[in-house]
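Biologist: Hi! Could you walk me through this model in plain words?

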Amino acid sequence: MTIPDSSISGLDENSSATHESRLVDEARRGSQTAFGELVTRYERRLIRVILQFVKSQELAEDLAQESFLKAYQRLAQFDPARRFGPWLFRIGVNQTLDYLRRRKRRGWWLLFSERGTERDPDPAVVDPRQQLDLEQEVAAILEKIPENYRIVLMLRELQNFSTSEIATILERKEATVRWRLAEARSMFHDLWVKRRDGRNENEQGTEESPIGGGEPPKTGGRKKRKGDE
């Protein structure tokens with residue numbers, strides 16, 4: 001009898017989860033080889049996550065290594081009933097945010113630009129690299145969104161983490177994450193509309209928000225902000 005591909009995929013995922021659980025258990029018992037395997041599994045994606053906050057590959061790699069070191073030192077605190085990945089990403093995100101706060105760097109506008117500070121755009125000059133201009137405008141708007149909301153938006157829209165994974169990374173309830181995500185999308189949309197309406201009338205059009213798939217659903221105002229809990 002032929003086994004459907006979906007079943008094979010499910011078996012592979014279960015096998016992978018079991019193998020990872022064994023690696024974590026061995027690492028907690030002091031096996032550096034097992035922890036090295038975990039590093040190999042997650043290093044590339046952790047660096048990609050950190051690169052959403054800083055645009056230096058070398059810096060991202062350094063922060064990732066520091067995050068792995070902290071994870072290794074805190075393995076005794078890890079709950080084996082949970083998944084290792086989100087726990088690791090939480091350490092990585094916190095490590096990166098702590099770094100940015102310590103340095104008091106306003107690094108958010110670099111979010112999308114691979115060129116970093118090499119280019120200081122002059123609004124009076126028409127630049128053919130329209131995509132780069134759009135990315136910098138998006139990043140500038142993200143900078144105006146409060147950090148608690150901005151991080152949720154970045155993890156969901158830029159890294160495609162699920163709400164449950166984001167909840168684990170940020171140590172928040174899923175309901176809180178969903179609230180913050182809806183609020184962040186609404187904030188972004190409002191800021192995007194203001195930015196669009198502030199442009200020359202000849203340039204205005206039916207431009208949609210580049211984050212959240214157009215206009216996000218309104219959440220009934222932001223006075224209470226339940227997501228701040």
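**Confidence first**

Modeller: The mean pLDDT of the protein chain is 76, and 68% of its residues reach 70 or more; pLDDT is the predictor's confidence in each residue, from 0 to 100. This is a predicted model, where local features need pLDDT of at least 70 and side-chain atom pairs count only at 80 or more, while totals for chains, interfaces and linings use all residues. Residues are numbered from 1 along each chain as its sequence is written, and side-chain values use heavy atoms, with hydrogens and water left out.

Biologist: Where in the protein chain is confidence lowest and where is it highest?

Modeller: The lowest is helix H1 (residues 5-28), at a mean of 70, and the highest is helix H3 (residues 57-73), at 95. Over residues 105-128 the pLDDT is below 50, and the model gives this stretch 47 contacts beyond near neighbours in sequence. Residues 214-224 also stay under 50, with 18 contacts beyond four places in sequence. Contact means heavy atoms within 4.5 Å.

Biologist: Thanks! How many helices and strands are there?

Modeller: The protein chain has 8 helices and 0 strands. These are DSSP runs numbered from the N terminus: helices are H or I with at least four residues, strands are E with at least two.

Biologist: And what share of the residues is buried?

Modeller: Of the 229 residues in the protein chain, 38% are buried, meaning under 20% relative accessible area (1.4 Å probe, protein chains only).

Biologist: Let's switch to H7. Which of its residues are buried?

Modeller: In helix H7 (residues 163-170), they are Glu165, Ile166, Ala167, Ile169 and Leu170. They pack against helix H4 (84-103), H6 and H8.

Biologist: How do the axes of H6 and H8 cross?

Modeller: The axes of helix H6 (residues 147-157) and helix H8 (residues 174-197) come within 8 Å and cross at roughly 95 degrees. That makes H6 roughly perpendicular to H8, a label for angles of 65 to 115 degrees. Axes are lines fitted to C-alpha atoms, for helices over the stretch in contact, and angles run from 0 to 180 degrees between N-to-C directions.

Biologist: Which residues make that contact?

Modeller: From H6, they include Tyr149, Val152 and Leu153, and from H8, Trp179, Leu181, Met187 and Phe188 are among them. By class, the contact has 9 nonpolar, 1 polar and 5 charged residues. Ala, Val, Leu, Ile, Met, Phe, Trp, Tyr, Cys and Pro count as nonpolar, Asp, Glu, Lys and Arg as charged, and the others, Gly among them, as polar.

Technical notes:
Angles under 35 degrees count as roughly parallel, over 145 as roughly antiparallel, 65 to 115 as roughly perpendicular and the rest as oblique. Buried means under 20% relative accessible area, exposed over 50%, partly exposed in between (1.4 Å probe, protein chains only).
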